[in-house]
There are 2 protein chains.
Amino acid sequence: MTSAPNVRLRIALAQVDPTVGDIGGNAAIVRDVSRRAAEAGAHLVAFPEMMLTGYPVEDLVFRSSFVGASTTGLAQLATDLQAEGLGDLPVIVGYLDADGPTRPDADTVPGRGARNACAVLHDGRVVTRYFKHHLPNYGVFDEDRYFVPGDTLRVVRVNADGGPVDVALTICEDIWQAGGPFTAAGQARVGLVVNINGSPYELNKDDVRLPLVQRRAREANATVAYLNMVGAQDELVFDGDSMVVAPDGTLLARAPQFAEQLVVLDLDLPTADLDAPHGALGPMRIARTEVANRPAYDTDRRRGDIAERVTDEAEIWQALVLGLCDYVRKNGFKTVVLGLSGGIDSAVVAAIAVDALGPERVYGVSMPSGYSSEHSRDDAADLAKRTGLNYLTEPIEPMVDAFLANMALSGLAVENLQARVRGIILMAHSNQDGHLVLTTGNKSELAVGYSTLYGDSVGGFNPLKDVPKTMVWQLARWRNADAARRDAVPPIPENSITKPPSAELRPGQVDSDSLPEYDVLDAVLADYVDGDVGRDGLLAAGHDAAIVDRVLRMVDLAEYKRRQSAPGPKISIKAFGRDRRLPITSRFREGTS
Amino acid sequence: MTSAPNVRLRIALAQVDPTVGDIGGNAAIVRDVSRRAAEAGAHLVAFPEMMLTGYPVEDLVFRSSFVGASTTGLAQLATDLQAEGLGDLPVIVGYLDADGPTRPDADTVPGRGARNACAVLHDGRVVTRYFKHHLPNYGVFDEDRYFVPGDTLRVVRVNADGGPVDVALTICEDIWQAGGPFTAAGQARVGLVVNINGSPYELNKDDVRLPLVQRRAREANATVAYLNMVGAQDELVFDGDSMVVAPDGTLLARAPQFAEQLVVLDLDLPTADLDAPHGALGPMRIARTEVANRPAYDTDRRRGDIAERVTDEAEIWQALVLGLCDYVRKNGFKTVVLGLSGGIDSAVVAAIAVDALGPERVYGVSMPSGYSSEHSRDDAADLAKRTGLNYLTEPIEPMVDAFLANMALSGLAVENLQARVRGIILMAHSNQDGHLVLTTGNKSELAVGYSTLYGDSVGGFNPLKDVPKTMVWQLARWRNADAARRDAVPPIPENSITKPPSAELRPGQVDSDSLPEYDVLDAVLADYVDGDVGRDGLLAAGHDAAIVDRVLRMVDLAEYKRRQSAPGPKISIKAFGRDRRLPITSRFREGTS
């Protein structure tokens, strides 16, 4: 049996933002934040999954030079922490390790290979290490390709105020799957389970996390410290949302989403049970290590803050802003450029970019054609004025006319030509001035292929890649209302929100010529794309048969265009890109095979 | 102990080309080829892995309507074969099955889910089914995402000339990994192991297959019939190369690569051992089924043919021709268009396209600029004349001038503008006339990012995506020499092969201004990209340090451009696309972290 809580451990959870491959920069974050944790009197500090390498590292795992850079970097980090006077603070940090060849075609050793690992650093040394047990291999995760699962639970005994405490180390998926490390932690009678994560954002995932952590805390009969990375890496956004939950399920602390934070609080934990078992016991072997730390004591009691939850729109907006901000920063860009049509998509992308980077780093180009309405030009100019971004105008007629004068084009070819001339103009600005080009096509358009390949799909990053059109409108309304609440200027022109959407590639064109109304379309897409519901299921769910057939045909044929699209922040169950994999060439048509 | 071979079984192996998703069309191939097998007196006919659905089906697995179409299609196929008078011929056919929910987020049942399956059809019914045991999850394979492994070896007793024979069913990876089905087949004392495959082409993979099949034949002490799919699906090319090997390793038959073939031969096999074991025995449970077929007898002895091996160049050329031909056909295109610069890459792509489709379905567009040399125009025209393709000319100066007159561009922006105007012209032809645009950038260029995004990278398919530049030259020389041997016109102008490569985007430009010589570059790329060798390893292998640093920097920065590139046939260990996964945003630089 565990004893009553009589030891006070001050834990620090570093909700921080590493960059894939930047081992030196990531180590610098660990040193900097460890210093702040020590200054706050922490007895233990934890950093996210794969902190030292960033996450996900994908095929870099197969390069032994990269694995070597991680393990060498870890040893160096331990030395540097000691040299900087931080050697007595136990530091839990995620990194990439290997105890065998990491390439699948090399001479593999059964049960050995690359490891998704975490280490405890203390006194200038790597004291112990734990290898992730449950490897996720679904959705955005491919960990069965890269890692070998660990079979040993590491329990670390650290000294806190009032005596030693046993802490079990776990990584990310270890908390999502039943059995394994949390069961073993219960058998090992630990006081605290630390679970470090690189857990990507999905809308409403935060609603699932708290009950999950509570369930595992009860199962392990231990306090659980759940720490997640924050920041964006290519298409993945890590939302933070770190939390601490007591064995009875009480939420003790919770960090905000989408912001860096050092969570520090005191935990009341049972003294380590000196008779607790080790060795082969249940689902995993249990191995124990003692850390001879000499913690500072503080008479003040430090309680945790519990960050308030926000609305779906606020959550998505922050994810998109962070996704863009980190993509620009981590790729070494300073500025972005996008086309401003006066429509809702480019207005929302511009507002996101201004929130992410500031107006002086955003360039908007109005590229009117002969078919552009007067209100389009006015709305684009109004947006520029409201947000303060840099505004340029490049009429496309002279360039379009040069093509038309030299080639015999008609119909769709002329429509697409205009979009492609715009794409060239944006890329020319990018090449000339070093801007990253932003694409503005939303998820609904991408799903049905309603865009011009090498035209409006041109660009290095697309904030709306995973945002359905109906949500684009919701976001615009939310962002404007939020500005009004703060007595700031609503960034998005009302007219861009209310007018019927149009590509303006021929006279009088509107989206509803080619597509169902967006509320109808998005409802079908949610079931077909996110839900994998087939034609019969869609009809049973009440969708109109003619619309279903039209939408499914468009989606099935648009796969190639989607594969050519820019990355963008993932916010839903199935984003196009990392976790939506379909053959480009497939003859399967719902209901017709 | 197995008895001496005293039964003669006439086996038919259908090396055929299914299409992903086209369940009706694939079933029609099975019916048609089963008829031919029956007419040839076969006692048993086998079709490839996932014959009914095509391979790979990727996320279609998660749609229950697709799984249902496969299993319903299988039952219908059994009925149709019977109705067509083919019910007495046992037909082994690969298909998609499921015995539990297939979506990872659905309420999963441990040990149940989607199955990479094969069935035996006889007498209008599905007599038995086998679930693949070893699931590959490396390189182009993601089967751990999609399938649950089977744990039961299926042994089918079929009647042949002289008595019954025991046949074990296995699928693809089952033969590549030691242990499992082949060990179990040995314990089950079968006479024949049928191994059906969807095994993608890689250069020299055929050199590995024969020794592998021989090793497994000895391990199982049985004849092994190895059947592979032929044809291309998106980036994968299946090369056929089906074969039959006796228990002592003797090669009894081998089909050619890259061509459909029905392999029919008589096998001398031991009578089924009526006392052979079943149930839980070794690595797998053994389950037995008897098929009450009444085989026809033929006094002639049918021996197998052994197709000759071809040179590397011939092998690659056939893979590229088949890859393009099937991509065009399976996507419903009739014609292709490409830019002809007079250089080697576009000349080789044009020659591949003409071999794949015939000259009347290939459109070549010469798009000279002010920087295009006279020889470029002449070489492009010469190529057109030699191959007979449809030849057009579209000078780009008027369009380029329209941009330059309206925008202040210089340097790289002007170079890229020319490439992008060419891209627009090709896409306009595509939109106007329905051609598929072919891209012509080779693997070396793609690796280092030496191309213009939305410029020369425009297109729906790239035959050279996985072909290094030095191999492009080798292929050109081989194709011309091969033509000369056959007294045909060598398709590729000698001047396109011998002149120094140039993008001709500024006066006097040659590739060697920006890149190392291609033989040097390709040697570094082979080690760094295919071999995952890091900087230190490259230097140890004798590569020049300055060149290594320059090449590695270019490769690391080009990831984003590569993700925007068209699909193309895979021919090497690591093709860009399906099996080369690196983060777009990574700060890891070899030797500098």
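These exercises work through the fold of a predicted model, each with a stepwise solution.

Residues count from 1 along each chain as its sequence is written, and chains are lettered from A, ligands numbered from 1, in the order in which they are written. Local features need pLDDT of at least 70, side-chain atom pairs count only at pLDDT 80 or more, totals for chains, interfaces and linings use all residues, and side-chain values use heavy atoms, with hydrogens and water left out.

**Exercise 1. Chain A as a whole**

Task: Compare the radius of gyration of chain A with that of a compact globule, and state what share of its residues is buried.

Solution. 
- Step 1. Take the inventory. Chain A holds 18 helices and 20 strands. These are DSSP runs, numbered from the N terminus: helices are H or I with at least four residues, strands are E with at least two.
- Step 2. Apply the globule rule, 2.2 Å times the number of residues to the power 0.38, with the radius taken over C-alpha atoms. For 593 residues a compact globule would be near 25 Å; chain A has 27 Å, which agrees.
- Step 3. Along the principal axes, the C-alpha atoms of chain A fill roughly 85 × 55 × 45 Å.
- Step 4. Count burial. Of the 593 residues in chain A, 63% are buried. Buried means under 20% relative accessible area, exposed over 50%, partly exposed in between (1.4 Å probe, protein chains only).
- Step 5. Check the contacts (heavy atoms within 4.5 Å). Among contacts in chain A with a separation of 6 or more, 76% are between residues 24 or more positions apart.

**Exercise 2. Strand E4 of chain B**

Task: Which strands pair with E4(B), and how many of its residues are buried?

Solution. 
- Step 1. Locate the strand. E4(B) covers residues 114-122, and nine of its nine residues are buried.
- Step 2. Sort the side chains. In a regular strand they alternate between the two faces of the sheet. Ala114(B), Asn116(B), Cys118(B), Val120(B) and His122(B) point one way from E4(B). Arg115(B), Ala117(B), Ala119(B) and Leu121(B) point the other way. Both sets are buried.
- Step 3. Find one neighbour. Two strands pair if DSSP finds at least two bridges between them. E3(B), residues 91-98, pairs antiparallel with E4(B) over eight bridges. One bridge sets Gly94(B) against Cys118(B).
- Step 4. Find another neighbour. E5(B), residues 125-131, runs antiparallel to E4(B) and is joined to E4(B) by six bridges. Here Leu121(B) is partnered by Val126(B).
- Step 5. Inspect the turn. The hairpin of E4(B) and E5(B) has two residues between the strands, and Asp123(B) takes a positive phi near 60°.

**Exercise 3. A four-stranded sheet in chain B**

Task: In what order do the four strands of the open sheet lie, and which are the edge strands?

Solution. 
- Step 1. Read the order: E19-E18-E17-E20 (chain B), with parallel pairing.
- Step 2. Name the edges. E19 (390-393) and E20 (436-437) of chain B each pair on one side only.
- Step 3. Look at one pair. E17(B), residues 336-339, and E18(B), residues 362-366, are parallel over four bridges. Val337(B) has Tyr363(B) as its bridge partner.

**Exercise 4. Surroundings of Leu320(B)**

Task: Is Leu320(B) buried or exposed, and which residues does Leu320(B) touch?

Solution. 
- Step 1. Leu320(B) sits in helix H7 (residues 312-330) of chain B.
- Step 2. Its relative accessible area is 0%, so Leu320(B) is buried.
- Step 3. Leaving out residues up to four places away in sequence, Leu320(B) touches Ile352(B), Pro463(B), Leu464(B), Val467(B), Leu475(B), Pro569(B) and Ile571(B).
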